Amino acid sequence: MKLVDVLSRIDAVPLRNGRRVIAIAGAPASGKSTLAAQLAAHREDAFVVPMDGFHKDNANLRAAGLLDRKGAPETFDAEGFVAFARGLRKPCDLRYPTFDRATDSVVINGGVLPRDARTVLVEGNYLLLDALPWSDLSDFWDFTLLLDVPIDVLETRLVTRWRNYGFDPDAARTRAMQNDIPNARLVRSSSVQANLTVAGTEF
């Protein structure tokens, strides 16, 4: 499927209260951010909101013994994200946290969804996860899209990602295989069916 075809499907989604909210889900390194940015570049009224800003603080994860699992569903403030998604149609500028990968930390109020954004592209791993509280998100999406990427392709991408962050080859592969790939398998096995599933290798 080509980008123009995805755009056409999104354009056909009716507005609710002046806005359409599109969920773009997929495993780590499936290309969610890339696709969301490409879609937004073709629409003047579009805005991308990443889920990554709802990571729990590293200190809290360390205290809970979850720092090595960062990126798994339980390491996100899922309830906070659901509360944020519930307000996506408010007729006002809406602040949200962002994630700084360079410092591995959350930036409180790092982003602002402008009130005039008619197409909101929310991207994240667990937007379609069939488990509470993530499943509560289904009420807020007008259209859902799932990126489907083979596990072997994800492995290659994830190792490359960690190498780019300065990890040596062995450490990069360990990081990918011990945490990212289990999360990827969870997304593939436990996400509800999307309105549109596309091969992430096409974008």
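The largest pocket holds about 960 Å³ of space. This is a predicted model, in which local features need pLDDT of at least 70, side-chain atom pairs count only at pLDDT 80 or more, and totals for chains, interfaces and linings use all residues. Residues are numbered from 1 along each chain as its sequence is written, and side-chain values use heavy atoms, with hydrogens and water left out.

**The largest pocket**

- A pocket here is an open set of points on a 1 Å grid over the protein atoms alone, where a 1.4 Å probe fits, with protein on both sides within 12 Å along at least five of seven lines. Its volume is the space filled by probe spheres set on the points, which are joined across faces, edges and corners.
- The lining has 35 residues, and H55, R101, R161, W162 and D180 lie nearest the pocket centre; lining residues have an atom within 4 Å of a point.
- Two or more lining residues come from each of α2 (32-41), β3 (94-100), β5 (119-124), α5 and α6, with α6 giving the largest share, six residues. Helices (H or I, at least four residues) and strands (E, at least two) are DSSP runs, numbered from the N terminus.
- By class, the lining has nine nonpolar, 15 polar and eleven charged residues. Ala, Val, Leu, Ile, Met, Phe, Trp, Tyr, Cys and Pro count as nonpolar, Asp, Glu, Lys and Arg as charged, and the others, Gly among them, as polar.

**Helices α5 and α6**

- The axes of α5 (residues 151-164) and α6 (residues 169-190) come within 8 Å and cross at roughly 135 degrees. Axes are lines fitted to C-alpha atoms, for helices over the stretch in contact, and angles run from 0 to 180 degrees between N-to-C directions.
- The two helices are therefore oblique to each other (under 35 degrees is roughly parallel, over 145 roughly antiparallel, 65 to 115 roughly perpendicular, the rest oblique).
- Among the contact residues are L158 and W162 of α5 and M177 and D180 of α6, where contact means heavy atoms within 4.5 Å.
- This contact has eleven nonpolar, no polar and seven charged residues.

**Helices α1 and α2**

- α1 (residues 3-11) and α2 have axes that come within 11 Å and cross at roughly 70 degrees, and are therefore roughly perpendicular.
- L3, V6, L7 and I10 of α1 meet L35, Q38 and L39 of α2, giving six nonpolar, one polar and no charged residues.

**Backbone details**

- The L132 to P133 peptide bond is cis, with omega near 0 degrees; P133 lies in the loop between β5 and β6 (143-148).
- N17, in the loop between α1 and β1 (20-26), has a positive phi near 55 degrees.
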